[in-house]
Amino acid sequence: MPLKFPLRIRFFTHSLPGTHLSYNPSSSVPLLFRIFSSRLNYFELGSRINFSTLPNRDQPEFERRSRDGGEIRASKSLIEDEEELSNWVSGFRTGSSRGRLTSEDEDAGSNVEDRSRGRIQEKRGIRNQVDSFRDKRYGGDRERGFNSRIQGKSSQASFDGRKDTSFRRDRDKEDYKGLRKREDILEDESSDQDVKSLVMGGIGDLLSEDDEEVDQDYEFLKKKAVSAFGFDKEKVTEADKARNANDSYLTKTRFDQYPLSPLSLKAIKDAGYETMTVVQEATLPIILKGKDVLAKAKTGTGKTVAFLLPSIEVVVKSPPTSPDNKRPPILALVICPTRELANQAATEANTLLKYHPSIGVQVVIGGTRLGLEQKRMQTNPCQILVATPGRLKDHIENTPGFATRLKGVKVLVLDEADHLLDMGFRKDIERIISAVPKERQTFLFSATVPEEVRQICLVALRRDHEFVNCVHEGTIETHQQVRQMHMIASLDRHFSLLYTLLREHIMDNVDYKVIVFCTTAMVTKLVADLLGELNLNVREIHSRKPQSYRTRVSNEFRKSKGLILVTSDVSARGVDYPDVTLVLQVGLPKDREQYIHRLGRTGRKGKEGEGILLLAPWEEYFLSSLKDLPITKSPLPSIDPETVKKVQKALCHVEMRNKEAAYQAWLGYYNSQKMIGRDKDRLVELANEFSRSMGLDNPPAIPKLILGKMGLKNVPGLRAK
Ligand SMILES: Nc1ncnc2c1ncn2[C@@H]1O[C@H](COP(=O)(O)OP(=O)(O)OP(=O)(O)O)[C@@H](O)[C@H]1O
């Protein structure tokens, strides 16, 4: 077929430096997006081509690459939590959301339906998004060296489409305001899994892409790549492996070896940072040269300082703003996926700014009053702004003069970049990037940068950016000094096991500090209630708690010892709690990356730690995604009958409505997991097993509307109300 050949060529050239795959949605048959959305994920050409420009150095454990060609990942769950869903459902009932349900172009960002539809669109139109997004970044100038010169037409069309969408967005501003209110509650966008999974669960099946034709194309492309570049696998030397095994996060390089402001150096010294960490040493010289950077480095190895320090330098070197300027520019913009992380980054920035009194850091996050933030930004110095995406977008659209201030941005940072560029945040990030100048420096940092997200990263970065990878391919992404175990036990034993494991850990560690990760916010609440009933010293953090409470608990946990934090994924990434002795993950993590980030809450700064993943037998398949990590099977501790009784008794004291909410959230979460959600009968059997494990033989009834949205209407074993 004539169409196929050019598609292959274009796809292939995408991995070459300075080239760009173009995609014409009108002609590019489903075959192309099927290749992109599934196979390219595993097409590792990007990771195998090292365009290193650094001279050989044997000390730091990083490698640099030119931009490479991973591809777009399948999206994640999109609905934030039950509250959002039920709000939306009521909106639907009253007809207020109806327009959004049918309009393809609606772009209210936080609308549940938008998001769920977005997931399908991501699969189908992802190439479009990258093209049009890149158009924005490069001002629609197709002559900027991408091979889009050949394919400019289609991209221009999609750019026009975007203009249309933003026009509509303006038109619907009022409507949008109402939606933002709801989004505020959910500012930890896509961090809690609850009912955001509900709607998506039924969609998974539509997204299956196995197809013989795709297989053939994949093989063809792979062969071409290997023959063109003459190698099939990135070489990992013994020296690399030895360095990784050593796993030291500090280097011998001092900060004063670089041309940093003396006042910053003084603050660094006061903070007790003597030498640079690996990622700091690897990125600082490149950033100081003015380049964009995509950096991958293990958890807890100082990425925050790595991006803050050079950002501060940019601010220091910028001319001071006149006091008469009513809209002084924001010079550095740091985006973090969660509120806790944003607060933490701001605190670190303040540490580094100790001797720069005229430079101010402000934080804008959801869950606080917009008006207060507006006032703070207006009355205090605000050259550096740390924000979560939803709230930042809100300010862009609703705070007078804010958009003008953003025009001063010289540095844009995306912390946890892979997560921010994932589907849950993508629209907000697009909006934000379009609000800051194209002429800027951009830094993307994360402990995980899956191949399939790399392509998306390109939309924010300049063509000549550097990829700094401090985790060599072929070496492990987690810390050697963290002992990782998994345990497989039937659901009915999970609560007793959890209690037993915690008790044993407490007995062995006087200064214990444990984080228990649960699948959803409501399951987190249930587990926290249960452990509290069992007289363990617990705190809980998840998206259903008010922000003030979350900040308080987070600060308390940071400082304490002898405490267990039960949490959802709002604490999975970036949060720096020192000296965590154990991370216990109960149930299926959202994906491999989330497992790594959660585990990364222990073993920070070279310290030791322990990680346990507790799964049910039908969740065991997840382990195949961790097979390159040093995680071993652990025998189950024996549980004495007294413990079982004690746990059952404690469960009786947990409020019924919390159990009901946990059941519904559990069902929604696993419904969205492709492997489990596929077979609805089996899913419901498992959910009812979970219900029994809470002591409820009769599973709680679920509103019909919600069952409908989950695609679970009339599935035997469910009770509808
Ligand atoms: N040069 C340094 N020397 C010693 N400690 C440092 C240095 N730089 C940063 N730190 C400390 O290391 C700890 C971990 O840093 P940070 O939270 O930035 O890690 P991270 O790599 O961003 O982790 P994650 O991937 O989990 O987000 C922090 O307590 C920070 O203060």
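1. Lys354 and Asp270 form a side-chain salt bridge, with N to O at 2.7 Å; a salt bridge here is a side-chain nitrogen of Lys or Arg within 4 Å of a carboxyl oxygen of Asp or Glu. Lys354 sits in the loop between helix H15 (339-352) and strand S6 (361-364) and Asp270 in helix H12 (residues 262-271), so the bridge ties together parts 84 residues apart in sequence. Helices (H or I, at least four residues) and strands (E, at least two) are DSSP runs numbered from the N terminus. Asp270 has 39% relative accessibility and counts as partly exposed; buried means under 20% relative accessible area, exposed over 50%, and partly exposed in between (1.4 Å probe, protein chains only).

2. The model is predicted: local features need pLDDT of at least 70, side-chain atom pairs count only at pLDDT 80 or more, and totals for chains, interfaces and linings use all residues. Residues are numbered from 1 along each chain as its sequence is written, and side-chain values use heavy atoms, with hydrogens and water left out.

3. Across the whole structure, a search finds 23 salt bridges. Glu340 and Arg550 form a salt bridge at 3.0 Å, N to O. Glu340 belongs to helix H15 and Arg550 to helix H24 (residues 547-559), so this pair ties together parts 210 residues apart in sequence. Both Glu340 and Arg550 are buried.

4. Arg573 and Asp418 also form a salt bridge, their closest N and O atoms lying 3.0 Å apart. Arg573 is in the loop between strand S14 (563-567) and strand S15 (582-586), and Asp418 is in helix H19 (residues 417-420), 155 residues away. Arg573 counts as buried at 6% relative accessibility, as does Asp418 at 2%.

5. A network of salt bridges links Lys296, Glu477, Arg592 and Asp628.

6. Helix H22 (residues 494-508) packs on helix H26 (residues 641-653) at about 110°, with axes 9 Å apart. Axes are lines fitted to C-alpha atoms, for helices over the stretch in contact, and angles run from 0 to 180 degrees between N-to-C directions. H22 and H26 are therefore roughly perpendicular, a term covering 65 to 115 degrees. The contact (heavy atoms within 4.5 Å) involves Phe495, Ser496, Tyr499, Thr500 and Arg503 of H22 and Thr643, Val644, Lys646, Val647 and Leu651 of H26.

7. An unreviewed UniProt entry places "domain: Helicase C-terminal" at residues 502-648; such annotations may be inferred rather than shown by experiment, and their positions follow the numbering used here. Over residues 502-648 the chain is 33% helix and 20% strand, with the end C-alpha atoms 17 Å apart.

Notes: Angles under 35 degrees count as roughly parallel, over 145 as roughly antiparallel, 65 to 115 as roughly perpendicular and the rest as oblique.
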